[in-house]
Amino acid sequence: MATTHAIETVATHHEPKSFWRRYIFSTDHKIIAIQYIITAGIMGIIGLVMSWLMRIPLAWPGESVPIAAKLFPGLFEGGVLRPDAYLAMMTMHGTLMIFFFLTAIFLGGFGNLLIPLQCGARDMAFPFVNMLSYWVFLLSCLIMLASLFVTGGAAGSGWTAYPPLSAVEQAAAGSGLGQTLWLISMAVFIVSSVMGGLNYITTVLNLRTQGLSMMRLPLTVWALFVAAILGLLAFPALFAGAVLLLLDRHLGTSFYLDHVVVAGQHLAREGGNPLLWQHLFWFLGHPEVYILILPAMGIASEIISNNARKPIFGYRVMIYSIIAIGFLSFIVWGHHMFISGMNIWLSAAFTLTTLIIAVPSAVKTFNWLGTLWRGRLRFTTPMLFAIGFVSTFVTGGLTGIFLGNPTIDIQLHDTYFVVAHFHIVMATSSVFGVFAGIYHWFPKMFGRMMHEGLGKLHFWLTFVGMYAIFFPMHYLGFFGVPRRYYGFNALQYLPVDAQAIQVFISIAAFITGAAQFIFLFNVVYSLLRGKRAEANPWQATTLEWQAPSPPPHGNWGEQLPVVYRWAYDYSVPGASQDFVPQTVPLDQEPTGERYHGYVPAAVNIPSATVDGGTNGGNSPSKADGSTNGGAL
Amino acid sequence: MVPRGSYHGVLFALAVLLLVGVGVITIGDQWWWLPPLASVHGAIIDQLFTVTLVLTGIVFVLVHLLLAYFVWRYRVRSPEQRAYFYLENRPLEVVYTVIPAVAMTGLVAAGTQAWFWIQGPPPEDALPVRVVGEQFAWRFQYPGLDGRLGQFHPRYVSDTNPFGIDPNDPAAKDDIVATELHVPVNRPVVTYLNSKDVLHSFFVPELRVKQDAVPGMTTRFWFIPTKTGTYDIPCAELCGQGHYIMRGQMVVESDTAFESWLAQQPTLATTLGLSQ
Amino acid sequence: MPFVKASVQRTWDIAGQGKVPGGDGSPLGGGPLMPTGQLFVWLLIVGVTMLFAALSSAAIVRIGIDGRTLSLPSTVWLNTIVLLVSSAALGAVQWRVRVHRAVDALALRLLGVAVGLGLLFLVGQVATWMGLVRAGIGLPSFPAASFFYVLSAAHGLHVVGGVVALLLLFAVRKRALLFRHRLGPVATYWHFMALVWVGLLAVLQVR
């Protein structure tokens, strides 16, 4: 819509000129998105290396590994990873991956990149708050990383930081300054994510361009929108929990602590209950995992539709399931606490809600299959990651049904089965969402295509590798191998195969982890040498592809785009191409949009009912764009 | 334009079929399975586990077969090929909303029913045992002839009273303390769990027993062991640096063997020197 | 950020014209939901509510199990009145500006009263804490006391934010349009702070 000329004049007028204002202290949502993605990526790599260190003693207990010991002398003793260092690595791996990698890259990275672009906005509603959100996030990253270098090492109580282990300094090596910094870092992180969340929600509600109703938004925006709402509602609970835990640790209160005897010393606290923390933590913790899976679902939906050249199957039902999942995610937290001593009636109630949440997830899966059915499937790298997402999401989702059942959970709770379950959902599905998104939107971010061959190599090693790591872990769960164990010596009920499986998993983890460096190389290579990207290399319909690659400051030149149709006009019968961008007026191309009172005759709608139609807001004559002039 | 690389669809289909094959063979054949069962309620857990495994297995195989078929069948093969424009199918969507909903309801019903029984009140004649977790060991307290357990509180813990039993509680005097858990076979046992310091979890894999020990609370789990033998009691809740070596021993034995073992254990009165 | 202002302005104009093409008739059909600053404050209120809800539910459970309650010193009630009057004063500013469509001397005086009472409230809260400490009731004493300190401190910090926002309103008193534009969101937040305080007092009375 916008002419190049307009873009240039506007861009030269208002774009900040100095390097610092442009790339470092930028308020441009695209730059902030890239800053988030790079920072989160670095945290992800650190988390990956930590998982490698953990996998060494699990597969080869007691064996000296001089190379690793030389690289990380503080963690090893006699060439062997120390048990307290193992716990620190385990805690930091979980914390970094969940919060500082996945949450940050989805909401901070893709939220920042896609929400304004796909809503047809020039920037976030509050660009300055947006910039502040990133810098506060960076501060929290630095505090978290600093905790690795303090006396006693980083926190060692797991990413869930259950008190009293996390509350009593003498309880573990990492429960000293490391745990304090962990809590402070999390509090700062929460401040950052609330600032971000306010921005994302406001932008979606208020800055959508003309014609872009909520029911025309791409599913990516819907998913990010609901994820941002989940964050806004859930994170404050962890903030409250963290403040109370800090007080218990340093100011002698007893919110979580009762009288305990640690290392022979009596700690005279009274009446506190550790379950209170678990409730506060999981009130955040469970919505949190949906904060990580919903955006991946949105990205997969978008990419599958684009590469199948078909409208997403059951668009409205997809939105309803996103909302249903978002809502239900707030009333399932107790399924993490079935064997914690929580009231058994409460457990039963949480069982019900937990298994109900499987229904919208199943619906989404079948809708992805429905989108593939009779499509024209292009296997670009993002598409491979998107269908890989569907496969792993199904696998990981199904094992959740075991754990959501309190009776089965008695046996499986805190075993490797749980580790396998959430790593297939989080570490595989969510991460596939991240990769799919980066391969797909890289040309929009940087104006260059990523290398397809390297991308496909990366996909195959990662797809096969992730299953090789996490599928066998279920068997360890069957055996009853407890999680968060540094070693398994003398557990007589374990069959000999258990150790062989551990070795297999470790080898697979090293190879799969190494494959991620192919991706990093690809990013650097493509930034420098990649093929120049046109504005719309994937022949996509959504708004961001109607802006140049990369979009200029302000995204749209002088005039905002006007939207005439929904985001999924692929292969509409009678259209001149197999995609129609959202900005093409209805009198130029037919639309497949179903519910807005306008059903093109050329489209044979299988089921007869068509709702709406009363407001008539979508007739072509009204939508020719002439109304927009007066508005400016 | 036919994009190159549509053979990746075929590869993907093959990879997914391989996954399904491995999954079905290993799990269907029970190559690797739960530890051999040794308790009454464990049979219900195993049964529910198997039912859930079959149900989810069917979905797993079905979805992956469809996924494999679709990516193989509908990969781009000619420039003329065009996607079939199709928005949705409400009846179909209703069907695949209702079927999981019904299946889930069934699982919820079966799961919670079993849950209430397992977590419900123990039989009257159950043998009470207190299990106390600490970094990094389990301790066990049996009632004496009065059949009642003396009170526990961490404030009583000292070098001479590592069990933390209230020395002034009349019920405690004849209590028997041990560092190994012995129970008679085929007789209900109810464990009362406490912790001196941090969270622990009482886990006996063969007996399908797991319950957290929470400081400041008493939790309960009852079971009926069905097989004599010696079992590990690993700690299942992260409790610090020695979490991985925190281990107890559980011996399930005949009534007579149990009685004679119990008779050899010291009472609290003797360990605290109260009898004098 | 000229772009952003332009885009906000523009979408408001669209809202003024009624339905945009493609609107599906739902309230979210197109155009902004409400002025952006106002929406921001409502969302902020949602987040802050969740924070206090988490703390309050913890307080109710914990104090309920413990059984001991804290008899609140009289300064707390005095303080409550101060905060409510401050909120009312800001309400009067809103009324004045709405009716007179201008930021006149009276409006600014009322705003000054609101800010002054806000500061007085903060001073009063500190005085309350000092009184409690003198009476031997410290943060770790017992759950009701701990939660009183935690809740009043969390609320106090949010009030500090509100005072800063009110002072920033003073900074734009010469620019009537901007003043009116910002007054609404700031006032919403300030009234909410008074409401939260009353709610927290109620929570502390629950046994």
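Two residues count as in contact here if their C-beta atoms, placed from the backbone, lie within 7 Å. This is a predicted model, where local features need pLDDT of at least 70 and side-chain atom pairs count only at pLDDT 80 or more, while totals for chains, interfaces and linings use all residues. Residues are numbered from 1 along each chain as its sequence is written, and chains are lettered from A and ligands numbered from 1 in the order in which they are written.

**View 1. Chain C, built from helices.** Chain C has six helices and zero strands (DSSP runs: H or I of at least four residues for helices, E of at least two for strands, numbered from the N terminus). Along the sequence that reads α-α-α-α-α-α. Take the contacts in chain C with a separation of 6 or more: 75% of them come from residues 24 or more positions apart. Of its 207 residues, 42% are buried, meaning that 20 or more other C-beta atoms lie within 10 Å of the residue's own, with C-beta atoms placed from the backbone. As for chain B, no contact joins it to chain C, and the closest C-alpha atoms of the two lie 12 Å apart.

**View 2. Where chain A meets chain B.** Two pairs of chains are in contact, and A and B share the most contacts. Here 98 residues of chain A touch 86 residues of chain B. Elements giving two or more residues to chain A's side include helix 5 (83-119), strand 3 (260-262) and helix 16 (452-479). By type, chain A's side splits into 60 nonpolar, 25 polar and 13 charged (nonpolar is Ala, Val, Leu, Ile, Met, Phe, Trp, Tyr, Cys and Pro; charged is Asp, Glu, Lys and Arg; polar is the others, Gly among them).

**View 3. Helix 12 of chain A against helix 3 of chain B.** The axes of helix 12 (residues 358-372) of chain A and helix 3 (residues 90-119) of chain B come within 9 Å and cross at roughly 145°. Axes are lines fitted to C-alpha atoms, for helices over the stretch in contact, and angles run from 0 to 180 degrees between N-to-C directions. The contact residues come out as nine nonpolar, one polar and one charged.

**View 4. Strand 8 of chain B and its partner.** Strand 8 (residues 219-223) of chain B is mostly covered, with four of its five residues buried. Five bridges join strand 8 to strand 5 (residues 189-195) of chain B, and the two run antiparallel. One bridge pairs V189(B) with F223(B) of strand 8.

Methods
Buried ≥ 20, exposed ≤ 12 C-beta atoms within 10 Å, placed from the backbone. Pairing = 2+ DSSP bridges.
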